[in-house]
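The sequence and structure are shown first.

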Amino acid sequence: MLAGGTGSRVGLSIPKQLIKVAGKAVMEHTIGIFEDSPAIDDIYVLMHPDHLESAQRIGARFGKVRQVLAGGQTRNETTRAALSVLTKSHPGDTKVLFHDAVRPLLDQRIIDDLVAALDAGYDAVDVAIPSADTIIEVNDADEIVSIPPRAKLRRGQTPQAFRLGVIDQAYQIAWQDPAFQATDDCTVVLNYLPQTAIKVVEGAGHNMKITEPIDVFIADKLFQLASAVVSTDRSHYAERLAGKVLVVLGGSYGIGADIAALAESYGARVHCFSRSQTSTHVEEPEEVAAALAEVYQAEGRIDYVVVTAGLLSIGKLDELALDDVLAAIRVNYVAPVIAARASYRYLKETRGQLLLFTSSSYTRGRADYSLYSSAKAAVVNLTQALADEWSPLGVRVNCINPERTATPMRTKAFGKEPADSLLESQAVALSALDVLLAGITGQVIDVRRAEPGAGPGTERKPAALEAALEAASESIDLP
């Protein structure tokens with residue numbers, strides 16, 4: 001894994017591979033992909049020398065990472081450094097993949113296709129996607145000199161795969177050429193071992209490279225879209241939830257009660273606390289701490305803490321009573337903070353998850369919702385910050401952002417509304433279980449209603465979200 005960049009183009013003082021996206025450093029996401037691949041045995045990371053210690057700390061979290069080494073000043077020098085290590089410890093027919101650390105959205109399918117191509121007899125394999133744009137060639141005066149047929153053009157990606165002896169031989173020849181320069185490793189094979197056929201396997205639009213400042217934003221949004229389709233095969237719910245201990249703060253009715261009932265039906269041991277059920281005030285530190293201690297004493301562990309408590313205060317800020325203002329802030333924001341502080345010690349033991357809830361109003365404050373929307377925006381920020389803080393210890397923090405949902409709290413505030421205009425709370429509860437069982441952190445997961453006529457049980461419409469993910473990656477000229 002080549003991680004030698006400095007991050008100058010994204011305008012930061014740290015390399016782009018160490019930027020946090022979706023709760024983890026970019027290179028941590030990338031290493032995790034290869035760690036999870038059955039086709040990969042060993043991982044070697046080549047890092048910019050000035051940030052070697054940071055990369056070594058990240059690499060130490062993964063069982064397949066054999067070495068984290070200093071890279072060179074250029075991409076080619078970094079590859080050469082990798083080859084000097086690999087050729088000393090591996091035979092020439094070893095299958096080697098070279099991947100950019102700043103491509104954290106790689107599919108397992110691409111890895112499998114590369115290895116399969118090597119197994120089929122190719123010594124060099126590239127990854128590419130068709131170009132959606134017309135490519136033009138210009139001269140020094142920025143005048144068009146040719147327009148190659150688009151049907152034959154591809155946009156190259158990584159990983160690139162080789163037999164170790166072949167890529168090493170290509171570089172040995174290349175370094176004898178005073179004019180040698182190349183932006184990727186397949187180019188080296190193409191130029192210096194022209195008799196070697198280079199197979200191309202299909203890449204993916206979302207296998208983007210984080211290079212420019214906007215790429216950080218795009219990657220974060222793509223992770224959010226990907227997280228929205230983390231739906232676990234629900235036939236495995238019972239297997240994965242059996243024996244897990246779930247605490248719901250605010251679980252007396254609505255979404256919290258549905259989460260509790262669903263989790264319990266799949267074998268989880270569920271404990272609910274709320275003002276109406278157990279006289280537990282979620283905004284009071286002592287009461288939350290006592291509730292969690294009670295569960296821990298009875299169960300010996302806590303795997304998940306879910307905070308669904310909320311208070312919808314509607315009205316102009318200057319017209320609200322001060323007690324109502326303070327109550328809204330305490331329940332909607334202080335309570336999640338208190339829950340996080342109290343649950344950390346237990347979740348650290350189990351490498352568990354804290355799941356919070358926001359509202360679609362968090363993206364833009366609205367008149368008469370100033371307290372509610374601003375508190376929900378703060379919860380999103382809290383989610384992202386805690387995911388960053390707790391990631392090294394394996395504790396995950398995520399946030400569900402449901403569309404307008406049919407709950408008693410909403411009915412109390414707005415009265416009866418058309419049923420087809422609201423999301424069912426059971427659909428949100430299913431999404432919550434999906435997120436609890438997924439390996440994500442730092443994510444804000446949108447839950448939306450199904451399209452009209454989609455039928456029951458399809459509220460999360462994963463196929464539509466997968467299409468949105470693909471559309472997002474195809475509609476932007478990703479590097």
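Ser-343 touches Leu-292, Val-305 and Leu-354, with residues up to four places away in sequence left out; contact here means heavy atoms within 4.5 Å. The residue lies in helix α12. At 0% relative accessibility, Ser-343 counts as buried, a class defined as under 20% relative accessible area, with exposed being over 50% and partly exposed in between (1.4 Å probe, protein chains only).

The model is a predicted one, in which local features need pLDDT of at least 70 and side-chain atom pairs count only at pLDDT 80 or more, while totals for chains, interfaces and linings use all residues. Residues are numbered from 1 along each chain as its sequence is written, and side-chain values use heavy atoms, with hydrogens and water left out.

**Overall composition**

The chain has 16 helices and 19 strands. These elements are DSSP runs numbered from the N terminus: helices are H or I with at least four residues, and strands are E with at least two. Of the 479 residues in the chain, 49% are buried. Among contacts with a separation of 6 or more, 72% are between residues 24 or more positions apart.

**Helix pairs**

Two packed helices are described by the angle between their axes and the distance between the axes. Axes are lines fitted to C-alpha atoms, for helices over the stretch in contact, and angles run from 0 to 180 degrees between N-to-C directions.

| Helix pair | Angle | Axis separation |
|---|---|---|
| α11 (residues 285-299) and α12 (residues 322-350) | about 20 degrees | 8 Å |
| α5 (residues 164-174) and α6 (residues 185-192) | about 70 degrees | 9 Å |

The angle of about 20 degrees between α11 and α12 makes α11 roughly parallel to α12. Angles under 35 degrees count as roughly parallel, over 145 as roughly antiparallel, 65 to 115 as roughly perpendicular and the rest as oblique. α11 passes α12 in a right-handed crossing; a crossing is right-handed if the near helix is turned clockwise from the far one by less than a right angle, and left-handed if anticlockwise. On the α11 side, Pro-285, Val-288, Ala-289, Leu-292, Ala-293 and Tyr-296 meet Ile-338, Ala-339, Ala-342, Ser-343, Tyr-346 and Glu-349 of α12. The residues of this contact comprise 10 nonpolar, one polar and one charged. In this scheme Ala, Val, Leu, Ile, Met, Phe, Trp, Tyr, Cys and Pro are nonpolar, Asp, Glu, Lys and Arg are charged, and the others, Gly among them, are polar.

For the second pair, the angle of about 70 degrees makes α5 roughly perpendicular to α6. Here α5 passes α6 in a left-handed crossing. Ile-167, Ala-170, Tyr-171, Ile-173 and Ala-174 in α5 meet Asp-185, Val-188, Val-189 and Tyr-192 in α6. This contact has eight nonpolar, no polar and one charged residues.

Asn-76, found in helix α3 (residues 75-89), touches Tyr-171 and Val-188, among other residues. Asn-76 is buried, with a relative accessible area of 7%. Its C-alpha atom is separated by 7.6 Å from that of Asp-184, which is 108 residues away along the chain.

**Burial in single helices**

Nine of the 10 residues of helix α1 (residues 26-35) are buried, so this helix is largely enclosed by the rest of the structure. Among them are Met-27, Glu-28, His-29 and Phe-34.

In helix α9 (residues 254-265), the buried residues are Gly-254, Ile-255, Gly-256, Asp-258, Ile-259, Ala-260 and Ala-263. Just after α9, Gly-267 takes a positive phi of about 100 degrees.
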